[in-house]
Amino acid sequence: CLRFRVLLYDDQQETSIVKNNNQILENMKKDLQNTQAIIWMGISFEQQASCEHFERMLPSSWSQVPIFIVNPEADQALFCLQTAVGGLEDHAIHLVPCTCDELFFGL
């Protein structure tokens with residue numbers, strides 16, 4: 001089962017898609033209790049807000065859950081993430097250097 005969650009921040013039209021972004025974060029935390037993998041797609045982690053979302057979803061007790069970063073510049077995205085968030089060495093982070101479209105067409 002694949003469950004999509006979309007996080008929006010500092011977007012003037014955010015409320016037309018999500019009425020309460022805090023509720024989305026709470027729902028995501030509940031979903032993560034039973035997750036088998038976390039996939040971040042198309043996120044560069046160049047903005048602090050995306051790094052903060054990543055950090056909120058990364059309790060140290062879930063170090064066994066594999067994390068995938070899908071981005072054509074996955075190396076750079078991981079570098080940005082490592083610069084902003086500490087303690088990542090205990091987590092299995094896999095880089096998928098392609099676009100989201102390339103990934104889905106390849107499945």
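Helices (H or I, at least four residues) and strands (E, at least two) are DSSP runs, numbered from the N terminus. This is a predicted model, in which local features need pLDDT of at least 70, side-chain atom pairs count only at pLDDT 80 or more, and totals for chains, interfaces and linings use all residues. Residues are numbered from 1 along each chain as its sequence is written, and side-chain values use heavy atoms, with hydrogens and water left out.

Now trace the chain. Its elements run α-α-β-α-β-α-β-α along the sequence.

Next, show the surface. Of the 107 residues, 31% are buried. Buried means under 20% relative accessible area, exposed over 50%, and partly exposed in between (1.4 Å probe, protein chains only).

Select helix α3, residues 48–56. Its buried residues are Ser50, Cys51, His53 and Phe54. Look down the axis of α3: they fall within an arc of 155°, so they line one face of the helix. The arc is that of the directions from the helix axis to the C-beta atoms.

Move to helix α4, residues 74–84. Ala74, Ala77, Leu78, Cys80 and Leu81 are buried here. Down the axis of α4, these buried residues fall within an arc of 160°, so they too line one face of the helix. Turn to the other side of α4: Asp75, Phe79 and Thr83 are exposed.
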